[in-house]
Amino acid sequence: MKLVFAGTPEVAVPALDALIASGRHEVAAVVTRPDAPAGRGRRLVASPVAERAEEAGIEVLKPVKPRDEQFLARLREIAPDCCPVVAYGALLPKVALDIPAHGWVNLHFSLLPAWRGAAPVQHAVMAGDEITGAATFLIEEGLDSGPVYGTVTEEVRPTDTSGDLLTRLAFAGSGLLAATMDGIEDGSLKAVPQPADGISLAPKITVEMAHVDWAAPALRVDRVVRGCTPAPGAWTVFRGERLKLIQAALVTDRTDLAPGELSVAKNNVYVGTGSHAVELLWVQPQGKKPMRGADWARGVRIAPGERAGAADVR
């Protein structure tokens, strides 16, 4: 088939690579988000998908909105048979959905209908799911509601961050997407409607959702830290400033600390929760680089009984 691939971030690159490498289909063009400012200089930078497509000599389309008439006209000229999608980042209007003969097929990082929305991996980690996966489905106008072509499962490991899990799903899902294109082409795959039961939503994780509640059980604190790493980053407040929490560990034998209470040992720093303590392994103070929790604690000289989690953020 002739394909137009739509995707933007680094997590979409493995799928693009898989389609290019398959040799069975022609990736005629790539659709991605416009160049965006990045870094201290805020200079415009192309998306990872755009950079990979340019390396491969593939035409790159960067519509401000996918309903732009110039973009739609070019898409009609290319006349793709199917448009595979991975984390494109913009809603596709019906006029665009109707152009390819086999529609737009999305690789979504959950086992639909679980975790429909922008942040399925983060929500799976934060909810404590033991198994998740990826699914390919035909895009409709509803939110991730279209019929499913195929799935692949992935175990959520006890120490997984959302970044760890998403990386594995990106590679496992790339094979699924390539196989889905093959099955659509030869007619061996038919999309199956999603069940009406088991629907859960995964909206974008806000900064406020990443704010750690030390009164919650330690298991919940651990899941929030892992689910919000690397983005948007779990955080607490210490002495009126935000402290980013990069990595924590459960400490089941410490139940002597009140929620938010800090305790410093020679090479460790602990925080109390609603159940047992957690150890802060890596943190990032406001305006500084990431550092080991024990190094941070020694530098700020935590007083006995001092707590994290006060509300007055500067």
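This is a predicted model: local features need pLDDT of at least 70, side-chain atom pairs count only at pLDDT 80 or more; totals for chains, interfaces and linings use all residues.
Strands β10 and β11 (residues 241–251) run antiparallel and are joined by five bridges.

## One aromatic pair

How many aromatic pairs turn up? The count comes to one. The partners are F238 and W296: their ring centres are 5.1 Å apart and their planes stand at 75°, so this is an edge-to-face pair, the cut-off for that label being over 60 degrees. F238 belongs to strand β10 (residues 234–238) and W296 to helix α8 (residues 293–300), so the pair ties together parts that lie 58 residues apart in sequence.

## The open sheet

Now for the seven-stranded sheet. It is open, its pairing is mixed, and its strands come in the order β5-β2-β1-β6-β7-β8-β9. Which strands stand at the edges? They are β5 (59–61) and β9 (148–155); each has a single partner strand, so one side of each is left without a neighbour in the sheet. From one strand to the next, the twist averages 20°.

Within this sheet, β1 (residues 2–7) and β2 (residues 26–31) run parallel and are joined by five bridges. L3 is placed opposite V27 of β2. Helix α3 (residues 69–78) packs on the sheet, where it touches β1, β2, β5 and β7 (104–108). The direction of α3 makes about 145° with that of β5.

## Helix α6 and its two partners

Two packed helices are described by the angle between their axes and the distance between the axes. Start with α1 (residues 13–22) and α6: their axes come within 8 Å and cross at roughly 40°. That angle makes α1 oblique to α6. The crossing is right-handed. On the α1 side the contact is made by P14, A15, A18 and L19, and on the α6 side by A170, F171, S174, L177, A178 and M181. By class, the residues of this α1–α6 contact split into nine nonpolar, one polar and no charged.

Helix α6 (residues 162–186) also packs with α5 (residues 120–127), at an angle of about 125° and with the axes 9 Å apart. Here too the label is oblique, because of that angle. The crossing of α5 and α6 is right-handed. V121, Q122 and V125 of α5 meet S162, L165, L166 and L169 of α6. The contact of α5 with α6 divides into five nonpolar, two polar and no charged residues.

## Helix α5 against α7

α5 has a contact with α7 (residues 218–227) as well: the two pack at about 160°, with their axes 8 Å apart. Angles over 145 degrees count as roughly antiparallel, so that is how α5 lies to α7. The crossing is right-handed.

From α5 the contact takes in Q122, V125, M126 and A127, and from α7 it takes in R220, R223, V224, R226 and G227. What classes of residue make up the contact of α5 with α7? It has four nonpolar, two polar and three charged residues. Q122 and V125 are named in the α5–α6 contact and in the α5–α7 contact.

Most residues other than glycine have a negative phi, and most peptide bonds are trans. With that in mind, a few spots are worth a look.

A cis peptide bond joins L112 and P113, with omega about 15°; P113 is in the loop between β7 and α5. Another cis bond links T229 and P230, where omega is about 15°. P230 is placed in the loop between α7 and β10.

R42 is not a glycine, yet its phi is positive, at about 55°. Where is R42 found? It is in the loop between β3 (36–38) and β4 (43–45).

Note on methods. Residues are numbered from 1 along each chain as its sequence is written. Side-chain values use heavy atoms; hydrogens and water are left out. Axes are lines fitted to C-alpha atoms, for helices over the stretch in contact, and angles run from 0 to 180 degrees between N-to-C directions. Helices (H or I, at least four residues) and strands (E, at least two) are DSSP runs, numbered from the N terminus. Angles under 35 degrees count as roughly parallel, over 145 as roughly antiparallel, 65 to 115 as roughly perpendicular and the rest as oblique. A crossing is left-handed if the near helix is turned anticlockwise from the far one by less than a right angle, and right-handed if clockwise. Contact means heavy atoms within 4.5 Å. Ala, Val, Leu, Ile, Met, Phe, Trp, Tyr, Cys and Pro count as nonpolar, Asp, Glu, Lys and Arg as charged, and the others, Gly among them, as polar. Two strands pair if DSSP finds at least two bridges between them. Rings of Phe, Tyr and Trp (its six-membered ring) pair if their centres lie within 6.5 Å; planes under 30 degrees apart count as stacked, over 60 as edge-to-face and the rest as tilted.
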